[in-house]
Amino acid sequence: MITRRGFAARIGAAMAAGKMLPEMAYAQRAMIQGNLPNDMVWLNANENPLGPPQSSLAAMADVLPSSGRYHYQEVRDFYAALARSEDLQAENVLVGSGSSEMLHAAVDAFTAPDRPLIVMHPTYEGPPEVARAMHRPVVQVPLLPDYSADVRKLAEAANKAHGGMIYLCNPNNPTASITPKSEVAWLVQNLPPDTILLIDEAYIHFGESTDLETALPYVRQGRNVVVARTFSKIYGMAGVRAGFVCARPELIARMQPFRNNVLSIIAIRAVLAALTESHTLIPERRAINARVRRETCAWLRERKVPYIDTQANFMMIDVGRNAREFITRMPPLGVAVGRPFPPLDNMLRVTIGTGPEMQKFQDVFWRVYQG
């Protein structure tokens, strides 16, 4: 079990080595300095501009007066309700402060100095940065030309290492591309011994492709598969910090000692409220995001600006030169965009905002693009 003192020691060691744990590092990277316009448009962190649903806002406001207590007695029922929403049992679920905490726990549990973390590249940096800070090997497998994961090389790397953990983000961050369900199925069927497949589905609710499919059925089958989900994206609760992983009970038990946070009662009530309307909320928000996304893509095509086909609430745009210029020049003009993602040095990651926000993005982007 990781104690408070032990966790603090890990953080101190990481910072002493010149590295911060990802949540701290990304928060620092997201900070934009200087004199910024009061009407800034924030398209840099893949947040949902719609925010929490009204039911969650009401639930959070209702519980605030009693938030001076821990409410431990509600946790068991919360786990049961969350599990039911995914057709699972409570012992198949582990909850944390955003899905990031659960990704950290998986790296802790399923990698070691002789068991690498194997990742598609580029992808979300959280798991590999945690692994490196813990002095655990990271094997990077380049994406295929269509920006999907090369599942055969991922399996080959795991087989060569005699086990470890494969991390697959689907849809992928930062490319917003997907790995087709047939390729994921192949990888599950061909996982080498002593290998865990961690599939990060933070953005899956935004996808419209018939080739995109959740990996939760593999959890129900008891495979060596862990699926990570979050309430930060489609549910619009990035600042509330609530996420979870699904896996068979033995895998959950291995991750549990590395969970460091108790979910707040405010987050619990917000999640429970959102779940009651998920059957309508998710398709409605998917449609809103898809409409603005299509309009943005059409605008780029009209101007012959290349981009990667997107199945998420963000996209990668090829600006034809090093994207750092855009990242630094756009905020003073009122729009913040994503951080660099090497080796895609000419690509600019942009979160899909509201219609008016994307109109402003187009104006500022075009000014910078034309020089």
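I'll start with helix α12, where the buried residues are Ser278, Leu281, Ile282, Arg285, Asn289, Ala290, Val292, Arg293, Thr296, Cys297, Trp299 and Leu300. Keep in mind that this is a predicted model. Buried here means under 20% relative accessible area.

On the spacing of such positions: an α-helix has 3.6 residues a turn, so residues three or four places apart point the same way. As for what lies over the buried residues of α12, the cover includes α11, residues 265-275, β9, residues 314-318, and α14, residues 355-369.

How far apart are the end C-alpha atoms of α12? They are 36 Å apart, and this agrees with expectation because 25 residues, 278-302, at 1.5 Å a residue should span 36 Å. After the helix comes Lys304, which has a positive phi, near 55°.

Now the sheet. It is open, has seven strands with mixed pairing, and runs in the order β2-β8-β7-β6-β5-β3-β4. At its edges are β2, residues 93-96, and β4, residues 138-142, each pairing on one side only. On average, neighbouring strands are turned by 20° against each other, direction ignored.

Within β8, Gly243 is the residue opposite Thr230.

Two helices to mention here. Helix α4, residues 75-85, packs on the sheet and touches β2 and β8. Its direction makes about 115° with that of β2. Helix α8, residues 181-189, also packs on the sheet, touching β5 (164-169), β6 (195-200) and β7. The direction of α8 makes about 155° with that of β6.

Note on methods
Residues are numbered from 1 along each chain as its sequence is written. This is a predicted model: local features need pLDDT of at least 70, side-chain atom pairs count only at pLDDT 80 or more; totals for chains, interfaces and linings use all residues. Side-chain values use heavy atoms; hydrogens and water are left out. Helices (H or I, at least four residues) and strands (E, at least two) are DSSP runs, numbered from the N terminus. The expected span of a helix is 1.5 Å times one less than its number of residues. Buried means under 20% relative accessible area, exposed over 50%, partly exposed in between (1.4 Å probe, protein chains only). Contact means heavy atoms within 4.5 Å. Two strands pair if DSSP finds at least two bridges between them. Axes are lines fitted to C-alpha atoms, for helices over the stretch in contact, and angles run from 0 to 180 degrees between N-to-C directions.
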